[in-house]
Amino acid sequence: MQENSKKILVTGGAGYIGSHTVVSLIENGFEVFILDDFSNSHVESIRRVEQICGTSIDFLEADVGDEAAVRGIFEANDFYAVIHFAAFKAIGESVQQPLRYYQNNVSGALNLLKVMDNFDCRRLVFSSSATVYGDPSSVPITESFPLSATNPYGQSKLMVENIMRDLYRADQSWQLSILRYFNPVAAHQSGLIGEDPSDIPNNLMPYISQVGVGRLDCLSVYGDDYNTPDGTGVRDYIHVSDLANAHVKALQALNSEHGCESYNIGTGQGYSVLEMVKAFERASGQTINYKVMPRRGGDVASCYADTRKSTEHLDWKAEYDLDRMMQDLWRWQSKNPNGYA
Ligand code: UD1
């Protein structure tokens, strides 16, 4: 099959990582169909992707757990593969509402896999997270580190990974790729699409950028007494466009490989909270007010990836550096101070 005739179903394709991945797919000659329930995304993001790519995109508003809807899409389209993003992702909320999280994230994936099997479409790239490494005993983290989860969100990601591994054990015609994201940040270089949290952001970079644009007053730095060079937490921040490209590479790798493989998707480089604040100030020219607060429960001191496996197997490597991440984040946030609203 020619690449340009390959149609990909992207669940959650209107979301932050999904929308950037749709851009990469189209730029690489794939055709895309988006399934999204817009529970944490906007139809406007699809319009913006159409503007970036100069093409129209088919989509359906439905829940990935809606079997009739998912069947209907497979009846009407001949998909080469699926990239599955659609899931809830707020850790705190997952602790408060575990049933809702398991229902959406685990049942949704089960429904999708069942329909894929029925329609003989057995290629899947799954959106997982470094959260499946729990509290890692050392850094950098390789894919063979022990897996665990400390909250229902993380459990739901781990459960879907386990389902995929069991599925391959039972039927070796599946071609499955698990991408474990480190900390996705930034936005497409056009400034047209980016992260648009529906509430006060939980994650560091959207919080900083909303302080930068004047929507929030002051950043709380959660802990400055970690065993790290400046005492603040160290993470592996990766440009969302690099992350998007990893999905294209994972799809291309599925071409030749049967199996269920997991890959770390990060830069391999850790930065502290205060380094991120400084880098954002450099790129934006804004001053970020912050105060040091006690540690946030569940946080680890340092988390960054060993990326050798993804470099070798997927022929993929992150290309954007920290300053570029900040410039692209600031372009998105300053052009869209209220997100897509
Ligand atoms: C979090 C999730 C992780 C998820 C990822 C998605 C937790 C425990 N983990 O990772 O499962 O895959 O988001 O992006 O929530 N920080 C502040 N002030 C803030 C916000 C964060 O100082 O207002 C610090 C944190 O303490 C941490 C760093 O910034 O050191 C990054 O935090 P965050 O962006 O929330 O990501 P993670 O916690 O690494």
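At what angle do helix α3 and α5 pack, and how far apart are their axes? I looked this up before anything else.

**Ground rules**

I'm working from a predicted model, where local features need pLDDT of at least 70, side-chain atom pairs count only at pLDDT 80 or more, and totals for chains, interfaces and linings use all residues. I number residues from 1 along each chain as its sequence is written, and side-chain values use heavy atoms, with hydrogens and water left out.

**α3 on α5**

I get an angle of about 35° for helix α3 (residues 67-76) against α5, with the axes 10 Å apart. The axes are lines fitted to C-alpha atoms, for helices over the stretch in contact, and angles run from 0 to 180 degrees between N-to-C directions. My helices (H or I, at least four residues) and strands (E, at least two) are DSSP runs, numbered from the N terminus.

From α3, I list E67, V70, R71 and F74 in the contact; α5 brings N111, L112, K114, V115, M116 and N118. Contact here is heavy atoms within 4.5 Å. By class I have five nonpolar, two polar and three charged residues. Ala, Val, Leu, Ile, Met, Phe, Trp, Tyr, Cys and Pro count as nonpolar, Asp, Glu, Lys and Arg as charged, and the others, Gly among them, as polar.

**α5 on α6**

Next I checked α5 (residues 98-118) against α6 (residues 152-170): the angle is about 20° and the axes are 9 Å apart. That makes the two helices, α5 and α6, roughly parallel. The label covers angles under 35 degrees; over 145 is roughly antiparallel, 65 to 115 roughly perpendicular, and the rest oblique. α5 and α6 also cross right-handed.

On the α5 side I noted residues including Y101, Y102, V106 and L110, and on the α6 side residues including Y153, M159, V160 and I163. The class count for α5 with α6 is 13 nonpolar, three polar and no charged residues.

**α7 on α11**

I then took helix α7 (residues 204-212) and helix α11 (residues 322-335), which pack at about 55° with axes 10 Å apart. α7 and α11 are therefore oblique to each other, and their crossing is right-handed. M205, S209, Q210 and G212 of α7 touch M326, L329, W330 and Q333 of α11. That contact splits into four nonpolar, four polar and no charged residues.

I found a cis peptide bond between V139 and P140, with omega about -5°. P140 sits in the loop between β5 (123-129) and α6. D120 is not a glycine, yet its phi is positive, about 55°; D120 is in the loop between α5 and β5.

**Ligand**

For N183, a side-chain N or O atom lies 3.0 Å from an oxygen atom of the ligand.

Key:
A crossing is left-handed if the near helix is turned anticlockwise from the far one by less than a right angle, and right-handed if clockwise. A polar contact is a pair of N or O atoms within 3.5 Å; within protein, one must be able to donate a hydrogen and the other to accept it, and residues adjacent in sequence count only if both atoms are side-chain atoms.
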